[in-house]
Amino acid sequence: MDSFRSSLAVAALALWWALAWAAPVRAAAPVAVAATLPEDAVRPPEPDSLRAQAIAALERAGEMTLYSLQPWQYPRLPARWERLSDQERDRREQALVERSEREWCGKGQRCFYRNQVLGRTRLGAADRATVRAALNEAVGQVPDEVSLCAPEYRHAVSFVSDGRRFDVLLCYECGQILVAADGRQESGQAGRMGSQRAVDAILRRAGIALARAPADEEE
């Protein structure tokens with residue numbers, strides 16, 4: 001009898017643990033959470049941020065310049081390095097990366113925040129309106145979502161307002177921006193960013209090459 005009761009107790013305990021562990025899995029219902037966090041939820045930038053300052057300055061900006069940029073890419077490591085020790089491979093990789101970064105913006109190559117400049121064009125009135133609308137969305141709207149994508153900036157806009165110069169770099173692939181002014185930089189998630197096709201059309205009309213896309217660089 002004691003053996004039977006002991007077996008029964010063990011079985012009951014096992015059943016309790018199984019139900020306890022299973023309950024949270026069954027109770028996890030992301031639908032209710034998603035309903036409270038709309039995908040397009042955005043908020044204005046913090047009042048003292050560079051983003052807020054750039055949006056305010058944009059309203060008074062006159063001359064604007066649009067850039068086509070080619071970002072630096074992490075170099076490919078030779079396959080034969082796989083046979084090296086971890087320490088030796090790390091040493092060679094570090095040296096290769098440092099040399100690649102130096103050469104990327106060296107030897108007279110024009111760079112803009114360590115991105116090669118493929119070309120730039122001063123915007124006319126109509127194009128300024130298009131780019132200003134894109135910047136208002138990208139800089140002036142901070143989405144709740146966060147991308148883990150590492151930004152690679154292929155477009156940039158610079159403008160001067162009340163004697164201050166603002167530079168805004170755009171990464172359409174990651175939906176991220178970098179705002180710079182007065183020696184400060186501030187990066188973050190962007191809003192809707194407007195139409196990349198419209199921005200590219202401005203560069204094409206000016207005879208400026210577009211940056212290679214990530215897919216092109218892998219080939």
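Buried here means under 20% relative accessible area, with exposed set at over 50% and partly exposed in between (1.4 Å probe, protein chains only). The model is predicted, so to speak for local features a pLDDT of at least 70 is needed, side-chain atom pairs count only at pLDDT 80 or more, and totals for chains, interfaces and linings use all residues. Numbering runs from 1 along each chain as its sequence is written, and side-chain values use heavy atoms, with hydrogens and water left out.

Take Thr 65 to start with. It sits in strand β2 (residues 64–71), where strands (E, at least two residues) and helices (H or I, at least four) are DSSP runs numbered from the N terminus. Thr 65 counts as buried because its relative accessibility is 13%. Leaving aside residues up to four places away in sequence, Thr 65 touches Arg 120, Thr 121, Arg 122, Ala 156, Val 157 and Ser 158, a contact being heavy atoms within 4.5 Å. Helix α3 (residues 50–58) is mostly covered too, with seven of its nine residues buried: Leu 50, Arg 51, Ala 52, Ala 54, Ile 55, Ala 57 and Leu 58.

Next, a helix pair. The axes of α5 (residues 125–140) and α6 (residues 196–205) come within 10 Å and cross at roughly 150°; axes are lines fitted to C-alpha atoms, for helices over the stretch in contact, and angles run from 0 to 180 degrees between N-to-C directions. On the α5 side, Asp 127, Thr 130 and Val 131 meet Ala 198, Ile 202 and Arg 205 of α6. Sorted by class, that contact holds three nonpolar, one polar and two charged residues (Ala, Val, Leu, Ile, Met, Phe, Trp, Tyr, Cys and Pro are nonpolar, Asp, Glu, Lys and Arg charged, and the others, Gly among them, polar).

On a 1 Å grid over the protein atoms alone, a cavity is a set of points where a 1.4 Å probe fits but cannot get out, a pocket is an open set with protein on both sides within 12 Å along at least five of seven lines, and lining residues have an atom within 4 Å of a point. Grid points are joined across faces, edges and corners, and a volume is the space filled by probe spheres set on the points. Val 131 and Val 157 are among the residues lining the largest cavity, a lining with seven nonpolar, no polar and no charged residues. The largest pocket has a volume of about 190 Å³, and its lining includes Trp 72, Trp 104, Arg 114 and Tyr 153.
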